[in-house]
Structure formats: C-alpha cells, structure tokens
Amino acid sequence: MTTTDLTTRQTVAELVATYERAVTGIRVGFARVARAEDELTAAFDSGSFKYTFSVRDKYNHHAIDFNDPESCIAVLKREVWKRLVDRLEIRRMISIQRATQLDQQLEREEWPEITVENVLSWANGIQDKLPDMIQEAVEEVFDWLRPRGQKYKTNSEFEIGQRVILTWVLEETQWQNKFHVSHYSQKHLTALENVFTALDGKGAIAKGSWQSKLADAINTTPIGDLPGARGETDYFKFKCFKNRNLHLEFKRPDLVDKLNKMAGGMRLRDKRGEAA
C-alpha cells in the first residue's frame, strides 16, 4: 500500500480543524433557528390554541429538532469517518469480506471523536495490519478463480493456470447489444485487478475508479454474431459468451506465479497427496 496524504499529521490536522469549525457552526446555526422558531410560535400564540412552528423540508414532513444539535452532529461524525476511510483508500487493498465488515462497522458501531490523535491512531493501526489484509485479499481472489468442480479442463483446483473459465459473470444488454458484468461479479473483478496491480508493485486501481478496467472493457464489448467476443486490458485477455461465462487469460505469468505462491496453491496440492 502506498502512503496517502491522509497519513500525514498536517493533512489530518487540517481536516480535523475543518470538522471542528463545522460542528461549531452547526451548533450556533441550530441555536439561531431554534430561537426563530420559538419567536414565531410565541407571536402566533392566541392563548386558546398554540401552534408550534418548525422548519421542514418541502418534501419531508419530519422537522429537525434545532434544540438538539448533538443528534445531527452524531450523524455528521459518522459520515466524516466514512470519508476519512475513503481518503485512506483502504478498500482497494483489502478483501471483499473485510471491506464488507468495515462498511458494517461504519454504519453500526460507535466511532471515537474526530481528533488528530484518533485519526492517526486508526490509520497507523491499518498500516500495521496491511500485510495480513493483502494476504487475505490474495487468498480470496485465488479461491474465486479456482473452479468449484472439474467441468472445465482449463481450470485447476490447486493453482491458477494461464487461463480460467468463470461462470455466471456476464449479462446481456440487448438494448445496447453489449455484454455487461453482473452486479455480483463487479466487486470480484475489481478485487482481481487490485491484487494484480499490487503484485505488480503499482498499488491499487486508479484513484477515482469505482470498478476495474477489466469490467469497463467487458461492458463495452459488442455481443456480435460469433461466439466469444474478445477484448483485453493491461493484465488480461478475455472472451465473453452468451451463456454468461467469461474466459480469462492472464498476460503476466510472473504475477500468476506470485499469486499462486502467496495463496498456497502448491500446499493445497500437497494436502491432497497429489504432489511431492
């Protein structure tokens, strides 16, 4: 993983200072709106009937309680933590399973106050765990590339070869006459490309991308009349088929070798007693 600007103390201090100013401004603003609501309520109080005025969105009948800024600030704090995690770009270097766990933590668990010390402590903790996280990502991709059976001869149960056949990866978009990566498979193709770029010493996929170059290339591949519509990227050659299968060929055998060694393909063969 490459060090991002988030891990520098100066950048963290700037972000935290901005957050603190925003929280202060929200508290002041909430107090002003609350006073304005109270003034309207008092002015229209007829004695016999009291109507309480509150600021509401035109399309939302639930008003914000401007006497309780802390509940809104708690939501804001959670959203800011999410953006801090995004700035660290940690999802590009961890397994899909761990990324899902991280998202659940961001939604459900209580996170600490946003201070320079807490942010740097969290970032440094991630850096310390990163080798194990990358290993998890490699093993996850290795397992996804391995077949669930012996139907296709190009696949190997024990290590990744030059080619693999991946089932139920594609969908047809008849109105565009192009193949399309299924929603479920998008994250797997992104994880695959992340692992290859990491093994190649280039970090993760380009900043700002939400999916891999491989998925982008597949999504622009015309269906055509002949079976096996072809395409390629820096690391892969592929053929798309109407049965939703993706035939994938690896252009960098050296990276495949690294993947097999890190994920323990030969050790799987040894455990089955099929290799010395």
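The model is predicted: local features need pLDDT of at least 70, side-chain atom pairs count only at pLDDT 80 or more, and totals for chains, interfaces and linings use all residues. Residues are numbered from 1 along each chain as its sequence is written, and side-chain values rest on heavy atoms, with hydrogens and water left out. The chain holds eight helices and six strands; these are DSSP runs numbered from the N terminus, with helices being H or I of at least four residues and strands E of at least two.

**Overall picture**

- Along the sequence, the elements follow the pattern α-α-α-α-β-β-β-α-α-β-β-β-α-α.
- Of the chain's 276 residues, 38% count as buried, where buried means under 20% relative accessible area, exposed means over 50%, and partly exposed lies in between (1.4 Å probe, protein chains only).
- If you take contacts between residues at least 6 apart in sequence, 62% of them join residues at least 24 apart; a contact means heavy atoms within 4.5 Å.
- The chain has an accessible surface of about 16600 Å², and 52% of this belongs to carbon and sulfur atoms. Accessible areas come from the Shrake-Rupley method with a 1.4 Å probe, and for residues only the protein chains shown count as cover.

- On one side, strand 6 is joined by four bridges to strand 1 (residues 163-166), with V164 as the bridge partner of L248.
- Five bridges join strand 6 to strand 5 (residues 236-240), and here F238 stands opposite L248.
- Strand 5 is joined in turn to strand 4 by four bridges; A229 has C240 in strand 5 as its bridge partner.

**Turns and loops**

- Strands 5 and 6 form a hairpin with five residues between them. R244, in this loop, has a phi near 80 degrees, a positive value in a residue other than glycine.
- R244 is partly exposed, at 28% relative accessible area.
- W168 also has a positive phi, near 55 degrees, and is a residue other than glycine. You will find W168 in the loop between strand 1 and strand 2 (170-173), where this residue counts as exposed at 56% relative accessibility.
- S182 brings both of these residues together: leaving aside neighbours within four places in sequence, S182 is in contact with W168, V169, L170, E171 and R244.
- S182 itself lies in the loop between strand 3 (178-181) and helix 5 (183-199) and is buried, with a relative accessible area of 4%.

**Aromatic pairs**

- The count comes to 11 aromatic pairs. Rings of Phe, Tyr and Trp (its six-membered ring) pair if their centres lie within 6.5 Å; planes under 30 degrees apart count as stacked, over 60 as edge-to-face and the rest as tilted.
- F44 and F53 form a tilted pair, 5.1 Å centre to centre with 55 degrees between the planes. F44 counts as exposed at 54% relative accessibility, whereas F53 is partly exposed at 26%.
- W111 and W122 form another tilted pair, at 5.9 Å centre to centre and 50 degrees between the planes.
- W111 sits in the loop between helix 3 (96-108) and helix 4 (116-145) and W122 in helix 4, so this pair ties together parts 11 residues apart in sequence.
- W111 is buried at 9% relative accessible area, while W122 is partly exposed at 22%.

Terms used:
Two strands pair if DSSP finds at least two bridges between them.
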